[in-house]
Amino acid sequence: MVTEKRGCTSDTVVIRSPIDRRLYRILHLTNGLTALLVHDPEIFPDGHLDADRTNEQNDDDDDYEEDNSDNDEDDDDDDDDEEEYDEDEEDGEEDEEDGEGQEGDLRRKKKLGHFPTKKAAAALCVGMGSFSDPVDAQGLAHFLEHMLFMGSSEFPDENEYDSYLSKHGGTSNAYTDTEYTCYHFEVNREHLKGALQRFSQFFIAPLVKSEAMEREVLAVDSEFNQALQSDSCRTMQLQCHTSLPDHPFNRFFWGNKKSLSDATGRGVNLRDEIFRLYRENYHGGKMKLVVIGGESLDTLENWVFDLFDNVKNGVKNELFHDIKTNGMCVVPIWKPAKLYRIAAVKDVHVLHLSWTLPCLRKEYLKKPEDYLSHLLGHEGRGSLLFFLKAKGWVSSLSTGIGDEGMFRSSFAYVFVMSINLTDSGLDELYEVIGVVYQYIKLLRETDPQKWIFEELQDIGKMEFRFAEEQPQDDYAASLAENLLFFSEQHIIYGEYAYEQWDDKLIEHILGYFSPDNMRLDVLSKSFFKESPAVQFEPWFGTQYIEEDVSSTLLELWKNPPYVDSSLHLPCKNDFIPLDFSLKCTGILNIPENEIQPNCIVESPSVKIWYKPDLIFNAPRANAYFLITVKDGFRSVKNCVLTELFVTLLKDELNDIIYQASVAKLDTYLSTVADKLVLKVYGFNDKLPVLLSKILTMSKSFLPKTDRFKVIKEVMKRSYRNTNMKPLHHSAYLRLQLLREHFWDVDDKLTCLSSISLTDVEAFIPQLLSQLHIEAICHGNLCQETAINLSDIFTTVFPAKPLPMDLRHQERVLCLPSGSTFVRTVSVKNDSEVNSVAELYFQIEQDVGVDSIRLCAISDLFSAIIEEPCFNQLRTKEQLGYTVESGTRMTYRVLGFCFRVQSSEYNPLHLHERINNFINDVKELLDEIDDEAFENYKTGLIEEKLEKDPSLMYETDRYWNQIVDKRYLFDMPKREARELKVMKKVDVIDWYNTYLRQPSPKCRQLAIHVWGCNTNMKLKSIEESKFGNVIEEISSLKLSSGFYPSLC
């Protein structure tokens, strides 16, 4: 359809999954903006198609509501359920769906009194990012992104956008990449238009007020300081710093107070520069918009035209930089034949090999880089990793084009191989690199294999055919990005597509994998800091040494004299599923009580819960097992031995686990106290086969001497790296104090040093001599198959049942009536500038008839104060980048937590400001009128009743109930019922009872983590004014009571 006023539309262009019930329309506005409209029928599943009128009426009422905060990039996820401190978060580099319901399914949901609903969402990508920063104002594109949240001509209040979203169950985020910037939000379904009204003004008439700029520079600086001790960020910035002087990489993309303030000092008017950048780039020709709503496509089209037609007109052009290249040649990024030795923050040895490739965006139907990554990063027998592990040189390896724009830009793609080295691997660094080039030689001497491409093609088609949904705002952002990179018909299919076999292109790209085109980065604590060759990267202060790689080594690697016979291409993957039939389609008249998981096996040793998938209708299943072992947590030594056993076992299983994961059947294996957690999830066809292999190998497993040595070294490094991040450290300290039994990581490290292989061999039979298994089997499985899965366990592990009295019972410390405690420590990393103040208020144990109501009130209070807390402590006071508030559930004991991380202020100041905010909440609650309170209630109720995006979300929700031994599988529905009858006075009473002194039920534990730049003298002088300073945890626990164990 074409109109002179609106441009053209198309409803048939986008290729979608066969099970995707959403409708898609491409809309081209005359100002150059491209929009993708998505009608999702599950947003209004009960047919409320008069939502347009409701929306318009509500939004007219709310047009000038005031109240909120700039939550533009708060990407620190903090789960409410923190039953076990997850040290895995500390190990790695910085971190770091379709509902095709049948009519019968809808009838069953009606019995329960509601239809699960979904949120609406939108995203807009602008084809301009950090590569567009002026040389004399680096970080400006990122700063511009921050400033768009701070008010517009139509909605001048700085908090209007976030306040509106907060009141209507929504969230927002944004991020600046090298060549584009993406803004996105989600909101409760009735309020999409109101959110779009506020969102659209970002791109029409932002205010960029001078006073807001002064504060937001500090937010950018706080964000930078969060990344300051991140090894991955430091390495990336060093790669930028050492790139060729005139290359776009040679920038400081983050931006901080210094880079922006120095620009001002040089006479640069930042506000003028922001508007210049905005005028030149924020126009329709560079914008890709996605809107996901329950309204009709025609309604969404009318909204988009009305709200975005005033975006500045711009010519549709290549969104990215036009680099003049000769065919598929590349522009060099770095000086050739260089090795950079980098001082690490964490205890790691990581080798990064980087090869510069031509930009391959237009080759997404061929994906030559994915073909090569599949082979170079393979982990099965014959692979590079398998060979290097056998040598004892490496512990893990990953390959591919990074997701960050620096690695996949219009200038070049950068293929990175990252190898985690052992101590001996670091000593044999050049040998390791030599083996890499042996494998590359193998690939050169072997013609590209079409059958390998066809395996990847089959997996891609399978994933697309049964594509799972994502949370709505993630999906909107993903589609907006895809509009930049793929043709319009392939904005969904493009990332799955392996359509065109091109062996010549693969051979051509493989030609770039040469030593002459390679950059080497070695990140390690073993760094010669006293060397006169040490240099400093100016922004992060990273120490590094630049070395030339000798011509002898380059020639050797260019053409290795031989390829070790142990290296070969992978075998065919037997885990690729063949059967995609649905097993639950015959279940039509299922009793109402079986809509939730049902216990189908219960014996002294095994308890199995089962639920067929009646919602997503896809050939996927999830089987989760909680295996309680004997004496696995009885002492610090037993705890370490259990963790060592599981880590060794995962290492042994890696070959088959990896093969299955390639075929989208994944495995998770970990420990929680005296329990092993095993999860097998994905396409269900080969799930029983994989589980049987895992258990059979586990039964006969005996650790080998060489692998024991390597895994012990890996675990030592993991323990040493625990608590390097202040936010993780504060959570660890809180749980260490609250849990009756908690083995300190330093004690675990000491214990591990003295453990021998003989100790492990003697411990394994004892550990597995008595077991209790509780599991859930959920998805495309019939009940008989679920029972068979439990039979596999009992057949392979015919252990005696582990009685209840021999299982570890975790108890949580009951803080004394009216108590205030303070736990204070210094940061673990001597260079860490960030401090943390965390205030934890203990509420009640999650037990009894009132517990659901208490949980619901806590969540409602959290929803009401989250945005004002962020607005006050971050946006206005600029205490730090991370400001959080919310509920905590610790082994079935409910709590509420406030947490701030700051590079500018010490924990005492942060604690005081949090206290001030808590006191001010009284006035905030008093001033909330009935309409606003109902908005918060409605938003939270809709969130509780929101449809799970995918089968895994649903399984995880049930799993939490099983782990907690609560077994209230309809918990969100129960909480929603409590919320419907809740009054404002209930929230005020809760606040006065649990968060306000001198109430005896106000019990507070404060955690103070002091950064390296704070005045430590204040710590000993002034800590006591905030409460009783805890000197000895053991003494406190001996003198305190504990809640009875529930899980």
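Predicted model: local features only at pLDDT ≥ 70, side-chain atom pairs only at ≥ 80, totals over all residues.
Residues are numbered from 1 along each chain as its sequence is written, and side-chain values use heavy atoms, with hydrogens and water left out.

**Entry 1: a hairpin**

I looked up strand 16 (residues 598-602) and strand 17 (residues 606-612), and found that they pair in the antiparallel sense over 4 bridges, with a hairpin of 3 residues joining strand 16 to strand 17. I noted that Glu 602 has Lys 607, in strand 17, as its bridge partner.

Is Lys 607 buried or exposed? Lys 607 has 16% relative accessibility and therefore counts as buried, where buried means under 20% relative accessible area, exposed over 50% and partly exposed in between (1.4 Å probe, protein chains only). Leaving aside residues up to four places away in sequence, I listed what Lys 607 touches, and among them are Glu 602, Ile 773, Glu 774 and Tyr 967; contact here means heavy atoms within 4.5 Å.

**Entry 2: backbone exceptions**

As background, I wrote down that most residues other than glycine have a negative phi, and most peptide bonds are trans. Asn 617, in the loop between strand 17 and strand 18 (620-628), has a positive phi near 50°, and at 13% relative accessibility Asn 617 counts as buried. Gln 878, placed in the loop between helix 27 (851-876) and strand 26 (882-890), also has a positive phi, of about 50°, and Gln 878 is buried with a relative accessible area of 4%. I found a cis peptide bond between Gln 997 and Pro 998, with omega about 15°, and placed Pro 998 in the loop between helix 32 (984-994) and strand 28 (1003-1010).

I traced an open sheet of 6 strands in the order 26-27-25-28-24-29, with mixed pairing. Its edge strands are strand 26 and strand 29 (1028-1029), each of which pairs on one side only. Helix 32 packs on this sheet, touching strand 25 (835-845), strand 27 and strand 28, and its direction makes about 110° with that of strand 25; for such angles, axes are lines fitted to C-alpha atoms, for helices over the stretch in contact, and angles run from 0 to 180 degrees between N-to-C directions.

Strand 26 and strand 27 (residues 893-902) run antiparallel and are joined by 9 bridges, and Glu 884 stands opposite Arg 899 in strand 27.

Over residues 860-959 I recorded 62% helix and 19% strand, with the end C-alpha atoms 24 Å apart.

Terms used: Helix = DSSP H or I, 4+ residues; strand = E, 2+ residues; numbered from the N terminus. Pairing = 2+ DSSP bridges.
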